[in-house]
Amino acid sequence: MGLFDIPAPLFSAANNLVSFLPDTLRLTLWAILGAGVSMYLYLKMSQQGAIGQIKKDTIIARKALSSYEGTEFDEMMPLATRVLGLSGKHFAVVLGPAVLSSLPALALIVWVSNQFGVAVPAAGTKILVTTTPSTQLVWSDTVSENDMGYTVDWPAQNEVLTARGEDGNQLFQLGAGTAALIHKKTWWNSLIANPAGYLPESGTLELVEVQLPMQQFLPWGPDWLRDWAGLFFITLLSASIGIKVIFKIH
């Protein structure tokens with residue numbers, strides 16, 4: 001489990017409470033909740049009074065710079081420096097609160113991507129599995145091999161399909177966790193774990209691609225827009241802007 005996976009059980013428990021709702025509505029509600037929590041934390045952690053004053057000073061400084069009609073560089077330089085200085089000050093004041101307030105949303109995004117990302121196939125569904133580099137695998141059940149890789153029957157719930165190398169050592173399992181990619185563990189997996197596990201560090205196998213279907217939530221647009229990310233981030237951004245405007249958050 002990665003650092004940002006720690007709240008996942010809490011999110012799952014809350015999601016189960018509203019499991020009677022359609023997936024699209026639940027995904028939308030999670031995006032709105034993520035926006036609300038992040039904006040609330042930003043409001044509480046940021047110096048709203050100071051930020052508001054910096055914005056006012058910046059407007060005045062920009063008007064002074066734009067209204068300058070002289071040609072002397074020495075006279076214009078202080079005006080430009082004033083604008084740049086205020087912009088830098090504004091960035092410095094909001095950076096910390098913005099980063100900290102986004103951490104809960106990042107944990108939520110990690111959970112949402114696992115919950116609403118790839119679809120868990122029904123038991124017996126034919127799934128294509130490819131490896132990089134091409135590797136001879138020994139499976140715990142009958143599979144068919146082809147030029148692209150292996151076509152496997154997806155295991156039933158609470159069952160796994162194990163792939164071993166020719167030496168008999170286990171390489172990976174299907175069904176233990178759902179993910180389209182299985183790879184060796186990297187440094188960022190200490191932050192975000194791969195639900196399907198990892199390949200052995202000492203092995204030659206670098207990547208396993210599992211051709212799992214993505215859940216789709218939008219009836220229009222390109223494929224990349226129809227999955228969870230399209231609806232989630234559109235809703236998250238819209239809700240964040242709406243909250244910012246309604247509550248006049250700087």
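The structure is a predicted model, in which local features need pLDDT of at least 70 and side-chain atom pairs count only at pLDDT 80 or more, while totals for chains, interfaces and linings use all residues. Residues are numbered from 1 along each chain as its sequence is written, and side-chain values use heavy atoms, with hydrogens and water left out.

The chain holds 6 helices and 9 strands, where helices (H or I, at least four residues) and strands (E, at least two) are DSSP runs numbered from the N terminus. Its radius of gyration is 25 Å, well over the 18 Å that the globule rule gives for 250 residues, so the chain is more spread out than a compact globule; the radius is taken over C-alpha atoms, and the rule is 2.2 Å times the number of residues to the power 0.38. Along the principal axes, the C-alpha trace spans about 80 × 45 × 35 Å. Buried residues make up 35% of the 250 residues in the chain, with buried meaning under 20% relative accessible area, exposed over 50%, and partly exposed in between (1.4 Å probe, protein chains only). The chain exposes about 14800 Å², of which carbon and sulfur atoms supply 63%; accessible areas come from the Shrake-Rupley method with a 1.4 Å probe, and for residues only the protein chains shown count as cover.

Contacts, defined by heavy atoms within 4.5 Å, can also be sorted by separation along the sequence. Among those between residues at least 6 apart in sequence, 61% join residues at least 24 apart. As for charge, the chain has 15 positive and 19 negative side chains, and the centres of the two sets lie 18 Å apart. Here Lys and Arg count as positive and Asp and Glu as negative, whereas His and the chain ends are not counted; the place of a charge is taken as NZ of Lys, CZ of Arg, CG of Asp or CD of Glu.

The strands can be followed sheet by sheet. Strands of a sheet pair through backbone hydrogen bonds, either parallel or antiparallel, and two strands are taken to pair if DSSP finds at least two bridges between them. An open sheet of 6 strands runs in the order β3-β4-β1-β9-β7-β8, with mixed pairing. At its edges stand β3 (144-145) and β8, each with a single partner strand, so one side of each is left without a neighbour in the sheet. At the β3 end, 2 bridges join β3 to strand β4 (residues 150-153) in an antiparallel arrangement, and Ser144 has Thr151 in β4 as its bridge partner. By contrast, β7 and strand β8 (residues 198-199) pair in the parallel sense over 2 bridges, with His183 opposite Tyr198 in β8.

Another open sheet consists of 3 strands in the order β2-β5-β6, with antiparallel pairing. The edge strands are β2 (138-139) and β6 (170-174), each of which pairs on one side only. Between β2 and strand β5 (residues 161-164) there are 2 bridges in the antiparallel sense, and Val138 stands opposite Arg164 in β5.

Among the helices, α2 (residues 23-45) contains Trp30, which is buried, with a relative accessible area of 8%. Leaving aside neighbours within four places in sequence, Trp30 is in contact with Phe11, Ala14, Asn15, Leu108, Trp111, Val112, Phe116 and Phe232. The C-alpha atoms of Trp30 and Thr235, 205 residues apart along the chain, are separated by 9.3 Å. Helix α2 also contains Ser38, which counts as buried at 13% relative accessibility and touches Ser101, Ser102 and Ala105 when residues up to four places away in sequence are not counted.

Finally, the backbone angles deserve a look. Most residues other than glycine have a negative phi, and most peptide bonds are trans. The peptide bond from Thr132 to Pro133, however, is cis, with omega near -10°, and Pro133 is found in the loop between β1 (126-132) and β2. Asn158, in the loop between β4 and β5, has a positive phi of about 70° although it is not a glycine, and Asn158 is exposed, with a relative accessible area of 76%. Lys248, in the segment after α6 (228-246), has a positive phi near 55° and is exposed, with a relative accessible area of 68%.
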